[in-house]
Amino acid sequence: MTGTLVALALIFSQLSLVAFGGGNTTLPEMHRQVVDVHHWMTGADFAAMYALAQAAPGPNLMVAPLIGWQVAGGAGLLVAGLSIFGPSSLVTIVTLRLWQRFNNYRWRQAIQSGLVPISVGLVAASATSIARAVDGTWVLAAITAASAALALRFTLNPLWLLAAGAAIGWTGIGQ
């Protein structure tokens with residue numbers, strides 16, 4: 001159990017420090033570690049936990065404590081939660097103080113502009129990783145594509161798309 005808790009702490013601490021553009025940018029690596037490297041759960045289980053975390057109020061990375069809980073119970077939940085939120089919070093506090101000091105410098109705006117496409121690319125990679133984990137049939141792939149198209153075209157609360165997906169899943173379509 002101790003080895004598992006250490007592994008959870010290392011994985012989520014590292015992910016915490018590279019979560020540029022929001023926590024979802026770390027999902028491909030989180031998926032790889034949890035599913036492919038450590039085999040703590042299947043890709044479908046990972047996607048289900050991610051969907052549950054997105055439906056709950058709170059930060060996007062609430063999936064990390066859920067994974068910790070699934071892997072190592074209450075201790076895993078605590079370790080994963082502290083590891084995913086702690087390091088990045090400390091870095092954010094220090095960086096924000098420095099960032100405000102250099103508010104009117106040109107290089108600051110250049111850095112901000114350069115980080116935007118990186119963040120967008122990482123979020124797109126996250127979406128692709130989750131889609132690959134769950135789209136086992138053409139019907140599921142079509143549902144994913146339709147959801148993405150609706151989300152891009154209209155300003156919808158994502159909970160409506162999750163509810164629609166749950167309703168379709170409840171009917172047994174795509175299984």
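In the predicted model, the axes of helix α2 (residues 27-37) and α5 come within 7 Å and cross at roughly 40° (axes are lines fitted to C-alpha atoms, for helices over the stretch in contact, and angles run from 0 to 180 degrees between N-to-C directions). Helix α2 is therefore oblique to α5, as angles under 35 degrees count as roughly parallel, over 145 as roughly antiparallel, 65 to 115 as roughly perpendicular and the rest as oblique. From α2, Leu 27, Pro 28 and His 31 meet Ala 125, Ser 126, Ser 129, Ile 130 and Ala 133 of α5, contact meaning heavy atoms within 4.5 Å.

The protein has 7 helices and 0 strands; helices (H or I, at least four residues) and strands (E, at least two) are DSSP runs, numbered from the N terminus. Of its 175 residues, 26% count as buried, that is, under 20% relative accessible area with a 1.4 Å probe, protein chains only (exposed is over 50%, partly exposed in between). The C-alpha trace spans about 55 × 45 × 25 Å along its principal axes.

Residues are numbered from 1 along each chain as its sequence is written, and side-chain values use heavy atoms, with hydrogens and water left out. Local features need pLDDT of at least 70 and side-chain atom pairs count only at pLDDT 80 or more, whereas totals for chains, interfaces and linings use all residues.
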